[in-house]
Amino acid sequence: MLGEMPFQLTRRIFVGAAAAFASRPAFAENAPIATTTLGKVSGYIQSGVQCFKGIPYGADTATTRFQSPKKAPAWSDIKECIQWSTRSPQGNATSASMRPRPNTANPTSRRAGGFRLPPDLGPESEDCLHLNVWTTGLRDHRKRPVLCYFHGGAYNNGTVNSELYDGVRLAQTGEVVVVTVNHRLNSFGYLYLAELGGAPFADSGNSGQLDLVLSLEWIRDNIAEFGGDPTRVLIFGQSGGGAKCATLMAQPKAHNLFHRVVTMSGQQVVGVKTTVATQRAERVLADLGLTRANLNDILILPWQKIQQSTHLSDYYGPVTDGRSLPRDPFAPDAPALSRSIPMILGNVHDESRALVGGGDVMALTWDQVAPELAKSPQFFGTMPLIKVVARYREIYPDYQPWQVYVAALTAFRAWPGQRIEAERRAVQPLAKDRTWVYQMN
């Protein structure tokens, strides 16, 4: 399954992934060649699937920093696309309230979107607008459905450059074309500078989302060459990837570029308000030693310095700017723009279990449950947590302290957004008959 499922990194799996990366197929005379609107690309064949990794769909974002992306420049030679490309600069920190607990069982593994994953592959760079394609047929007019995956990481971290997201098996099993996408993250993709810098920064709060729109335009224009049907594009993602899908449903520029949606443990009911986003931007600028007067200097700073400033904010995400995101994704109702699009939404029963780490949670006592929940105030607000714990103990008398902790954190953090989105589609014409939910236990 292509998604961020809990993953225990073992030496065998790590060595296997490293070996696969080290032994990437070299360009050969019989390599599959595809012609895109920007130029020809060569790939390789694995288990009968034609694989293309690192196809540019957008220009180096160093040239469009905090702006809408531009198409990648065309090339004349055949571009070799047989390995993971660069990935977006990663977030510098995680907010204290959501920082995952140490994984005591496996302290060497890395987390993204709350789950343990193999090490990400590919260096960080602003030149990160690349996608990967897996298909069982080129130019055969089969019109396969297209499955386009957006990775998790809460808009702050993550990449599809991982063997965990390799599309070979999915392309084989479903007779589909699989596409996975990298795009701008954290401040590079979602730092709202429009009210501070004016027109040149008008789309800065959603440039990461506009990257995704550009990738969908690439699919529309090119996927038939890879045996896919541009009129049957399903976007799906887990955690932050699901939230990106929900946000695209309210973005006019994405309209008609996708035709089905699956969100797995990821929702986006509202965007960031411009007032909040501007205040956050002001803190970042202060950290960089910039003001409104010399704001344009942010366009020439080393990207590493901008990356270091992300620790001043505990959240980056789409901004309801009245422009590229003219309304909240699912507030006050489901977006009419996408009411005819079939949508599946789902969560996991113990959704927050993977976010809170290893054996230390299992050791919680009843006296510790409420104080631990209090460390996530943004989810519980003024709710009296001692009463919350007491009520859970009444409903589930067999639960251990850690089970009550996970259940309460899941109910208040992960489930509300998915339920709100589903219920708001359920009362909307067309959408109510095209919405399904699942629960994975």
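A salt bridge is a side-chain nitrogen of Lys or Arg within 4 Å of a carboxyl oxygen of Asp or Glu. The structure holds 14 of these salt bridges. One joins the side chains of Arg 65 and Glu 126, at 2.7 Å from N to O.

Some ground rules come next. This is a predicted model, in which local features need pLDDT of at least 70, side-chain atom pairs count only at pLDDT 80 or more, and totals for chains, interfaces and linings use all residues. Residues are numbered from 1 along each chain as its sequence is written, and side-chain values use heavy atoms, with hydrogens and water left out.

How confident is the predictor? pLDDT is its confidence in each residue, from 0 to 100. The protein chain has a mean pLDDT of 87, and 85% of its residues reach 70 or more. Over residues 1-27, pLDDT stays under 50. The model has 56 contacts beyond four places in sequence for that stretch, where contact means heavy atoms within 4.5 Å. Residues 93-116 also stay under 50, with 60 such contacts. Where pLDDT is low, the predicted coordinates should not be read in detail.

Return to Arg 65 and Glu 126. Arg 65 is buried, with a relative accessible area of 6%. Glu 126 is buried too, at 5%. Buried means under 20% relative accessible area, exposed over 50%, and partly exposed in between (1.4 Å probe, protein chains only).

Arg 144 meets Asp 140 through their side chains, at 2.6 Å from N to O. Arg 144 is buried at 3% relative accessibility, while Asp 140 is partly exposed at 29%. Glu 175 and Arg 142 form a further salt bridge, at 3.3 Å from N to O. This pair links distant parts of the chain, 33 residues apart. Glu 175 lies in the loop between helix H2 (168-174) and E10, and Arg 142 in the loop between E8 and E9. Glu 175 is partly exposed, at 27%. Arg 142 is exposed, at 51%. Through shared partners, salt bridges join Asp 140, Arg 142, Arg 144 and Glu 175 into one network.

Now look inside. A nonpolar core is a set of buried Ala, Val, Leu, Ile, Met, Phe, Trp, Tyr and Cys residues joined through side-chain atoms within 4.5 Å. The largest one has 47 residues, and Val 179, Leu 216, Phe 226 and Phe 258 have the most contacts inside it. Among the elements that each supply at least two of its residues are strand E4 (49-56), strand E9 (144-150), strand E10 (177-181) and helix H5 (207-222). H5 gives the largest share, seven residues. Beyond four places in sequence, Val 179 touches residues including Leu 131, Val 146, Tyr 149 and Ile 219. A second, separate core has 20 residues, among them Phe 66, Ala 243, Val 284 and Ile 306.

The strands E1, E2 and E5 form an open sheet, in that order, with mixed pairing. Strand E1 (33-35) and strand E5 (79-80) are at the edges with a single partner strand each, so one side of each has no neighbour in the sheet. Two strands pair if DSSP finds at least two bridges between them. Strand E2 (residues 40-42) and E5 have two bridges and run in the parallel sense. Val 41 has Lys 79 in E5 as its bridge partner.

Finally, turn to helix H12 (residues 385-395). Its residues Leu 385, Val 388, Val 389 and Tyr 392 are buried. Down the axis of H12, the buried residues fall within an arc of 95°, so they line one face of the helix. That arc is taken from the directions from the helix axis to the C-beta atoms. Ile 386, Lys 387 and Glu 394 are exposed on the other side of H12. The buried residues of H12 pack against helix H10 (366-373), helix H11 (377-380) and helix H13 (401-413).

Pro 401 lies in helix H13. It is buried, at 9% relative accessibility. Pro 401 and Trp 366 are 35 residues apart in sequence but 5.4 Å apart in space, C-alpha to C-alpha. Leaving aside neighbours within four places in sequence, Pro 401 is in contact with Leu 364, Thr 365, Trp 366 and Val 369.

Notes. Helices (H or I, at least four residues) and strands (E, at least two) are DSSP runs, numbered from the N terminus. pLDDT is the predictor's confidence in each residue, from 0 to 100.
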